[in-house]
Amino acid sequence: MKISQAIEAFLISLKFSQLSHNTIIAYKKDLVQWNVLIETNELDTLTYLDFQKYAMKISMEGFKPSTLKRKNTVICKFLKFCHAKKLCQEPLAHLLDPVKARKTNAPKNVLSPQEIKDIFIYIDLEQVCCTRYKHYSLIRNKLIIAILLFTGCRAQEVVSIQKKAVDLENKTILLITKGNKYNNVPIHPSLMEAFKLYYEALEEVDDFDVYSLIKTSPYLFPSKRNPDKHINKRTLHAFFQHLSTKLNRPLHAHLFRHTFASYCIAANMDISTLSTIISHSNPSITLSIYTHEISASQKKKEIQKLTFDI
């Protein structure tokens with residue numbers, strides 16, 4: 001069978017497996033890239049040398065070891081699928097050499113309290129002189145940052161929040177996480193205040209089109225072009241790029257997730273609880289990602305037990 005046909009069959013199987021749309025898109029991108037770089041079109045003609053040549057080409061692209069490892073995992077899953085479904089005669093996955101990424105316990109890059117203050121101060125200053133829609137978008141982005149900061153959610157999770165998912169009375173937000181799973185996250189008091197300020201600011205938005213967009217859309221952050229859809233992650237990415245330039249500090253949605261988790265660990269939050277809040281499927285994932293922060297927090301706690309009888 002042609003590799004391109006097998007890829008299509010694999011992607012269809014992923015849809016039936018209820019994988020998220022974004023995950024399927026990522027798998028497709030990696031497999032299409034692999035298919036372009038290898039020198040054969042048929043599954044059954046693949047050899048170990050084909051995989052080696054691909055590995056050499058991809059390693060020259062400057063990807064991080066973690067990215068190379070992810071691409072390798074996707075190809076491996078695809079090849080195992082092909083053999084299991086009899087799309088190829090031989091088990092090809094064993095021809096793929098594993099990518100060994102050196103493990104590190106380096107601390108995650110997180111925002112300092114002053115940097116967090118600077119972000120909100122800058123947004124407030126930007127609102128002083130801007131167009132009507134930009135004024136609304138800054139109000140919106142300020143709430144988005146507050147949600148990222150006080151829930152640790154992912155970019156896709158925050159942009160796709162529906163209005164009905166926000167329960168201010170019971171102080172919870174229902175997030176749709178990876179794999180279309182649901183996670184009911186408590187609203188921190190500071191986030192409650194951010195919601196209050198957001199709704200108060202909306203009352204002052206003097207633009208009928210913006211007002212209509214907000215009122216008619218089922219989403220908390222609707223798309224400007226289509227109120228039946230939410231804003232795209234690219235919109236958020238562009239805002240963070242702009243903010244990074246102004247504050248001379250690289251900013252992205254996942255940075256707020258790391259900041260949230262790291263501060264929770266420093267506050268001695270139970271790891272199992274933190275794992276459920278940030279929608280990790282298993283506490284062991286949280287432990288593996290934040291090993292350094294957990295270790296540092298534990299050291300501070302345990303060293304307090306030291307006493308000298310002098």
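This is a predicted model: local features need pLDDT of at least 70, side-chain atom pairs count only at pLDDT 80 or more; totals for chains, interfaces and linings use all residues.
Leaving aside neighbours within four places in sequence, F240 is in contact with I145, L148, L251, H252, A253 and F256. F240 also belongs to the largest nonpolar core, which holds 56 residues. Within that core, I147, V158 and F240 touch the most other members. The element that gives the most to this core is helix α6, residues 132-151, with ten residues.

I278 is worth a look next. This residue sits in the loop between α12 (271-277) and α13 (283-289). Is I278 buried or exposed? Its relative accessible area is 1%, under the 20% cut-off, so I278 is buried. What does I278 touch, not counting residues up to four places away in sequence? The list is T151, G152, R154, R257, F260, T286 and Y290. C153 lies 125 residues from I278 along the chain, yet the C-alpha atoms of the two are separated by 5.9 Å.

Two packed helices are described by the angle between their axes and the distance between the axes. Take helix α1 (residues 3-16) and helix α2 (residues 21-37). Their axes come within 11 Å and cross at roughly 170 degrees. An angle over 145 degrees counts as roughly antiparallel, so α1 is roughly antiparallel to α2. On the α1 side, the contact uses I3, S4, I7, F10, L11, L14 and K15. On the α2 side, I24, Y27, K28, L31, W34 and N35 meet them. By class, this contact has nine nonpolar, two polar and two charged residues.

Helix α1 also packs against helix α4, residues 65-84. Here the axes come within 10 Å and cross at roughly 95 degrees. That angle falls between 65 and 115 degrees, so α1 and α4 are roughly perpendicular to each other. From α1, the contact takes I3, A6, I7, A9, F10 and S13. From α4 come K77, F78, F81 and C82. These residues divide into eight nonpolar, one polar and one charged. I3, I7 and F10 of α1 take part in the contact with α4 and also in the contact with α2.

Aromatic rings come next. A pair of aromatic rings is described by the distance of the centres and the angle of the planes. The structure holds ten aromatic pairs. One of them joins W34 and F51. Their ring centres are 6.3 Å apart and their planes lie at 15 degrees, so this pair is stacked. W34 lies in helix α2 and F51 in helix α3 (residues 48-59), so the pair ties together parts that are 17 residues apart in sequence. Are these two residues buried or exposed? W34 has 0% relative accessibility and so counts as buried. F51, at 3%, counts as buried too.

Y198 and Y199 form an aromatic pair with another geometry, edge-to-face. The distance is 5.2 Å centre to centre, with 65 degrees between the planes. Y198 is buried, because its relative accessible area is 3%. Y199, at 35% relative accessibility, counts as partly exposed.

F10 lies in α1, and Y27 and W34 lie in α2. F51 belongs to α3, while F78 and F81 belong to α4.

Key:
Residues are numbered from 1 along each chain as its sequence is written. Side-chain values use heavy atoms; hydrogens and water are left out. A nonpolar core is a set of buried Ala, Val, Leu, Ile, Met, Phe, Trp, Tyr and Cys residues joined through side-chain atoms within 4.5 Å. Buried means under 20% relative accessible area, exposed over 50%, partly exposed in between (1.4 Å probe, protein chains only). Helices (H or I, at least four residues) and strands (E, at least two) are DSSP runs, numbered from the N terminus. Contact means heavy atoms within 4.5 Å. Axes are lines fitted to C-alpha atoms, for helices over the stretch in contact, and angles run from 0 to 180 degrees between N-to-C directions. Angles under 35 degrees count as roughly parallel, over 145 as roughly antiparallel, 65 to 115 as roughly perpendicular and the rest as oblique. Ala, Val, Leu, Ile, Met, Phe, Trp, Tyr, Cys and Pro count as nonpolar, Asp, Glu, Lys and Arg as charged, and the others, Gly among them, as polar. Rings of Phe, Tyr and Trp (its six-membered ring) pair if their centres lie within 6.5 Å; planes under 30 degrees apart count as stacked, over 60 as edge-to-face and the rest as tilted.
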